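Work through the exercises below with the structure open beside you. Each task is followed by a solution that goes step by step.

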Amino acid sequence: MQNRLETIIDCMEQARSLDDLQKEILRLRNLFDVEHLVYHSVNSTGEQYAVLTYRPEWVNHYIAQGYERIDPVVLGCYRRFNPVDWKRLDWSSRVARAFLNEALDSGVGRQGFSVPIRGPQGQFALFTVNHTCNDAAWARHTEKFAREVILVAHYINQKALELEGENQPAPVRPMSPRETDVLTLLALGYSRAQAAESLSISEHTLRAYLESARSKLGAMNTTHAVARALTQGLLVI
Amino acid sequence: MLRYLYARELRNHEKLHDTMFADRARQFHGRLGWDVTINDRGEERDEYDALDPLYVIWELPDGRHGGSMRFLPTTGRTMAAEHFPDLSGGRPVRSPLIWECTRFCLGEGARPGVSAALMLGGAEVGLGFGLSHALGVFDSRMVRIYRRLGWPPLVLGSRGGGRDAVSLGLWEYSRAIRRHLLRKAGISDELSRHWFMRAFGHLELQRIVG
């Protein structure tokens, strides 16, 4: 395992483009002996890059539905830096359960292990290995390869950032006190309505602050904006 | 009991939150006289608390803070890299398998087992998340504590001497260390596991999928 991992990392080292890197990432599927893997990065300007092996129909459906807003894997990982087994995420809501069933029907395995990465300037990435097997087999599997998965996740991320090189993040524009207030309350788990009420502003006004904060942070959605503001130390909660 | 809480989650535990930052002010400003910032609520906070770190906290039966420490990944901003670069020869320790541990704090009148319990919490974090080591900057007063607990760090570098010495160290995670700390802290294997699982959730997917 160690040798094969080193071989793949050596090959990644040689990668001169994201296409090269993608080929090497896909080889990891055999190394880790899993059905699927996903590398998904959102950089500081909100640009996304992904390498994944899920069925294209599922990926398109996911994007069209904006499922990143409800996906417990994304929601759980944005706010942590510890690797997580999917079983430990919060799947208790009706929305999350419906999403899970749809994912399983589309060929996503029920076992997953995801490594969140907080990159420079609020870049965020997620590397996931996904498989179908029973809990006991998965526990043995993750026990065996957790460290390699963590290492490879960070390695891929570093390499992808390097290859995107010229894509230097835009300097952060300072947020207004109101924008900071809105993000802080959302980071604390307030709903939009509760946040608006606490700040004595209408929800309409709140959405405007939120949108301007989102654009300043180069985030793709609210969750991402909150995560980015947190990692940049712009919020004190 | 041991609590594992990200900063964002700690906010929901008001008493634990308030007493932790107050105890930190008492220890780092009051007792140790470090150059730290105390806000108008009498709390010691720094810029790393704003990065949504993970806290390992010993919670007293009445919900107050009994002791704590703070973790951040070394792939991001660390105190070792930003405030003590000389201790690692100007080349900061950065690894996905190493998290930095800072602000090791004990509440006033903490009973002897609390240090061991906190170190145990640190070991649970390391073993639970597949990490290899913890990184930390420590002063001479801590050397005795680590030795007494039977988990001394590998020292990477030091500055100053005698009582003023400040060092950078690595603590290696192992199952043997975890077992040792369980004994030192007087906490059972099952209980420690339970606290960790409670914090990081455990829900059977099968049950949901049916």
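**Exercise 1.** Determine whether Glu143(A) is buried or exposed, and find which residue forms a salt bridge with Glu143(A).

Solution. Begin with accessibility, where buried means under 20% relative accessible area, exposed over 50%, and partly exposed in between, with a 1.4 Å probe and protein chains only. Glu143(A) has 59% relative accessibility and therefore counts as exposed. Next, take the rule that a salt bridge is a side-chain nitrogen of Lys or Arg within 4 Å of a carboxyl oxygen of Asp or Glu. The partner is Arg175(B), whose closest N and O atoms to Glu143(A) are 3.5 Å apart. Because Arg175(B) lies in helix 6 (residues 175-185) of chain B and Glu143(A) in helix 6 of chain A, the pair joins two chains. Helices (H or I, at least four residues) and strands (E, at least two) are DSSP runs, numbered from the N terminus. Arg175(B), for its part, is partly exposed at 49%.

The model is predicted, so local features need pLDDT of at least 70 and side-chain atom pairs count only at pLDDT 80 or more, while totals for chains, interfaces and linings use all residues. Residues are numbered from 1 along each chain as its sequence is written, chains are lettered from A and ligands numbered from 1 in the order in which they are written, and side-chain values use heavy atoms, with hydrogens and water left out.

**Exercise 2.** Describe the contact between chain A and chain B, starting with how many residues each chain gives.

Solution. Counting heavy atoms within 4.5 Å as contact, chain A gives 32 residues and chain B gives 33 residues. For the area, the accessible area (1.4 Å probe) that two parts lose on being put together is summed over both; chain A and chain B bury about 3,100 Å² between them, with 60% of it on carbon and sulfur atoms. Finally, two salt bridges are found across this interface, and Asp52(B) forms a salt bridge with Arg118(A), with the closest N and O atoms 3.9 Å apart.

**Exercise 3.** Explain how far along the helix Arg26(B) and Asp23(B) are separated.

Solution. The two residues form a salt bridge, their closest N and O atoms being 2.7 Å apart. Because Arg26(B) and Asp23(B) are three residues apart in helix 2 (residues 14-31) of chain B, about one helical turn separates them.
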